[in-house]
Amino acid sequence: MNTILPDTDINGYYEIRLESIGGLGANLAGKLLGELGVFYMGLNASSFSSYGSEKKGSPVRAFVRYREQKGEIRNNAPVLKPHILGIFHEAMAYNYPVFDGIKKNSKIVLNTAFSAGEAAQKYNITTGQLYVMNAGAIARKCGCRLNMVMLGGVIAASGFLSLDGMKSLCRENLGKKYPEAILGNLKGIEQGYEMVRTQEGYVCGKDSTNVENLAQSPAGCGLVSMKEPWSGRFSGYLGGVNPAAGNSMENDLSASREGYVPVFHPEKCIHCGLCDSTCPDMVFRFEKKMVDGKENIVNPGPDYRYCKGCLRCVSVCPVAALTREEEEKALKEGWLKKWENQNKGKGHEKEAG
Amino acid sequence: MKKQRIVFANGNELAAIAARQIHYHVMGYYPITPSTQIAENLDIFRADGKSDIRLIAAEGEHSAAGICYGASAAGGRVFAATSANGLLYALEQMPVQSGTRMPMVMNVACRCVSGPLCIKGDHSDIMYLLNAGWIILFAPRPQAVYDFNLMALKLAEEVRLPVAVAFDGFFTSHQKRKCEVFEDETVTAYVGEKPEWENVLDLENPLTIGSYMGEKDILENKYELSEAMKLADRRMSEIFRNYEELSGRIYHKVENYRTEDAKFIFVLLGSAYETAKEAVDEVREKGIPTGAVTVCSLRPFPYKELAQLCRNAQMLVVGDRQDSYGAGGGSFSLEVRAAMQRFGWRGKIMSRVYGLGGTDFFREDAINMFKECIDKDAEDFGYYGVPDKTQTDDDSAINCNKLDPKDTKLHLTSCAYDMEKRQMAVKGGGLKETTILPKRIAPGHGACPGCGIPVNLNLLMRGIEGNVVFLFHTGCGMVVTTAYPKTSFRVPYLHNLFQNGAATMGGIIAVLEEKIRRGELPKKEITFVMVSGDGGMDIGLGAALGAACRNQRMILFEYDNGGYMNTGYQLSYSTPYGAGSATSHVGKEQFGKSFFQRDTMQIMAASGIPYVASVAESNPSDFIKKAAKAASYAKEFGMAYVKALSACPLNWNDKPENEREVVKAAVDCCFFPLYEVEQGITSLSYDPEKTGKKVPVEEWLGRMGRTKHLLKEQYSEVTAALQQEIDNRFRRLKARAENPLL
């Protein structure tokens, strides 16, 4: 019999999945949720993450599994059908299957500036109850990390996890390690909590008959999935050889950005080449061009598909032809789009021929 | 039962807690995913004054195993942790440890063995240890990692054999669970005083350990080892019983779940056993009597117990997270088959290779595997879950973005060798002009925002025209550019293990030269570029020096970010003195890294190769020109070694947009002086003293989170010592530059 957990699956688990990119603290959030269960709620818990090399900006998933105190946790596999899904980074909704496994009564906490209705439509969320908050803005206001705000939101969405417990845990855990940051962190948790608590939960897919997002499992057992974006493989080549020279060009790295982009002002550019000497992501593609009847080397501006927003170019530009702007604003103003379009279909691909 | 407290910890953390409580004398290690956290956690304990285990960061696993062997032959209690290729690199040391009967405990967080490289969990590493004379305990869950670590030492010292505690990499090593641990005193009492054994520090009774032996003696030595395994088998049961009294937790060599009346039994090793229990419950609800077993001792293998538990079953479904290619099963199922056959069992054994390279094993997978095996036409051996073969390949992608070497022959930069001056003169190499050289490395790679590696590779390639063949060591640079089915390379590329790149490149060059000599290939101009991080220059220094002594025609390019960044920033031999890292934490008992950065430039220069140069992105034009020179030397004279200081915002703990300034400060404080050694003659490329730009080392240290603490008063001696070392090195360098004879 469940005494604490409101809703469990057939094996007795209550499960949480956090979708993020490396560097936003989803792993720590998962760990704290596990500790909250064990030390403050009398639950059994496990927490773990999807692992890769230790990189910033690439997708990370954190999983938490709760069970009533006496129940053993045996399942070691990732959480497929979460009761709560926390999405730390909105841009992932474009490129990664973050909504897989969502059920009708799953609760989704999404970090976005859009309203729930807008976000559900924009990201085609067809089922589940959606809670939204601009976690980045709240975090900046509170002077805390984004994961704290998301934690507050997840706790509120759960309806049973203890806010006070999490605050004590943070004081105990993070307070010792980063005493100067604890007040901001506690504030972030509280505000995230309030943001979600005061929402009703937008019911996604009200008009649709789709009850569950089902897909193929990785091992082909026809259940739910954590499918990875697949873009061809090369079975004719022995030993895993990859014949697709330079096909990483097809990648879109824009989800690695954390709120800022370099905006290019062509009228100021003196085409000196310093930006290209500091850009790790090869977003600049200088080319020979006739300018005023003379052949010159010119900078056509960044290709934003690859720009991870590190702003190295902004700090080396001697004439402020590249400036740091909020990505949200830049998108709204169409500053990025313009240059993306201009570069589309030329540059990288053409260069080969 | 003894008092215990609850922790929420993963397998690695629990192994470290056990090691701290046991109070080992020495741990020799080299970081490798996913076992690295063990040394990291012990280092945190050390920094906080909670442990004084001597942690020795070796320059590779082979040396780490050497340290462990020496330490145990000196009579110490010795601890180790490794995974995958680390275990294989250390492998030749393992039979020495067991053959001379030196006890120690080594944790193996099991992971897929490379090629191609994969860092996720499976059992392909641990099975290499089966024939090494080590006891191997396999922990199916984090709690067992802690418990086995305590019992392992007991067993090791009682039967005088080394013990490996193995567990699933990531699934167990990184999964946090609610677990119980003893008070420290309980562990101290449990493991007791270290028993004495023959050791090389016994000066009263000088012993020869490790004799040269003939046939009969070896036969006897191995027979004794085999008998010791039998003893271990008997003692293990007792140790499990005693431990149960202490902890309340019951262990068996073979654990079982609902096997009493089971007709079908899953036999799985590690974490998959736990997941399979849920499948058993589900299948049983449909009225099919199934059960599950796991083996907690791979060596000695519990033949009797396994056969006893499974004797009434009709079918065993054995999961192998590894394959013994060509044997019709992984090593685990071959053992299970041998055990059942030995006791005359007549049922059916189905072997299924699953979960390789960290492929998740869901409850549904267990059920599916079961369904597959009970099919009457099922083969007794096969792979489970291999991707659908009918999926079409993406042929259009093949070679789509390859680079025509002609397009990179733009004559933007050229070199001419001056016979008299014995110098290479560079023309061109302009920062603006070379922007139009097509990039050999495509965008779309997965490096962290602001990473210095692609910046440095880009600058290097700007100075090199024509054909290029790359070889990358394992490391960030390799991982972020070649995640299958994507690659950022538009020119030929080979990866090899990171102690071996220079040697491997040597082989490539030898074939080219030989094919040209035999007339099988027309003469070709190729710049061979071997790319390594500073980690690769730790573990691979031997191979690099070998290739240097042979003076093979390649550029050896080192991107030095001062740490093992790909595995989460452990110290490398290039990490600055005093810097904090995951294996040199800053705490009340520790100020950071305890020894100076290795002067790899001088080591390479001493090997006598024709060109050695240091470069930095803060001086981009100098960088491009040196790249051009290096390529000319590599084509005409032999090896060129180029070392770049490479920013790592993630682990230097600073802002990506500031990295050029941080690198500049390192150059200006002379921590990273820019110079060349050309045909033995040293010349400074940039002398901050002369231009009045020299800054104190604090200017640089204060810009990075990893070294910021050194500006505090309490660390002034550390900073002063670093400044002294930097100044000494720079003075010597200047003396060399002023005197060609040096």
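**Exercise 1: a helix and its surroundings**

Determine which residues of helix 8 of chain B are buried, where buried means that 20 or more other C-beta atoms, placed from the backbone, lie within 10 Å of the residue's own.

Solution. In helix 8 of chain B, the buried residues are B:Ala228, B:Ala232, B:Asp233, B:Met236 and B:Ser247. Helices (H or I, at least four residues) and strands (E, at least two) are here DSSP runs, numbered from the N terminus. As a next step, look for the partners: the buried residues of this helix pack against strand 6 (135-139), helix 6 (142-159) and strand 12 (297-299) of chain B.

The model is a predicted one, in which local features need pLDDT of at least 70 and side-chain atom pairs count only at pLDDT 80 or more, while totals for chains, interfaces and linings use all residues. Residues are numbered from 1 along each chain as its sequence is written, and chains are lettered from A and ligands numbered from 1 in the order in which they are written.

**Exercise 2: the geometry of that helix**

Solution. Finally, pass beyond the helix to B:Gly248, which follows it and has a positive phi, near 80 degrees.

**Exercise 3: a hairpin**

Describe how strand 16 (residues 413-418) and strand 17 (residues 423-428) of chain B pair.

Solution. Two strands pair if DSSP finds at least two bridges between them; here the sense is antiparallel and there are six bridges. Within this pairing, B:Tyr417 stands opposite B:Met424 of strand 17. The two strands form a hairpin with four residues between them, and B:Arg422 in the turn has a positive phi of about 55 degrees.

**Exercise 4: between the chains**

How many residues of chain A are in contact with chain B, given that contact requires C-beta atoms, placed from the backbone, within 7 Å?

Solution. The count is 75 residues of chain A, in contact with 76 residues of chain B. The largest share of the chain A side, five residues, comes from strand 2 of chain A. This strand also pairs in the antiparallel sense with strand 8 (residues 176-182) of chain B over two bridges, and A:Ser47 stands opposite B:Lys176 there.

Conventions:
Contact = placed C-beta atoms within 7 Å. Buried ≥ 20, exposed ≤ 12 C-beta atoms within 10 Å, placed from the backbone.
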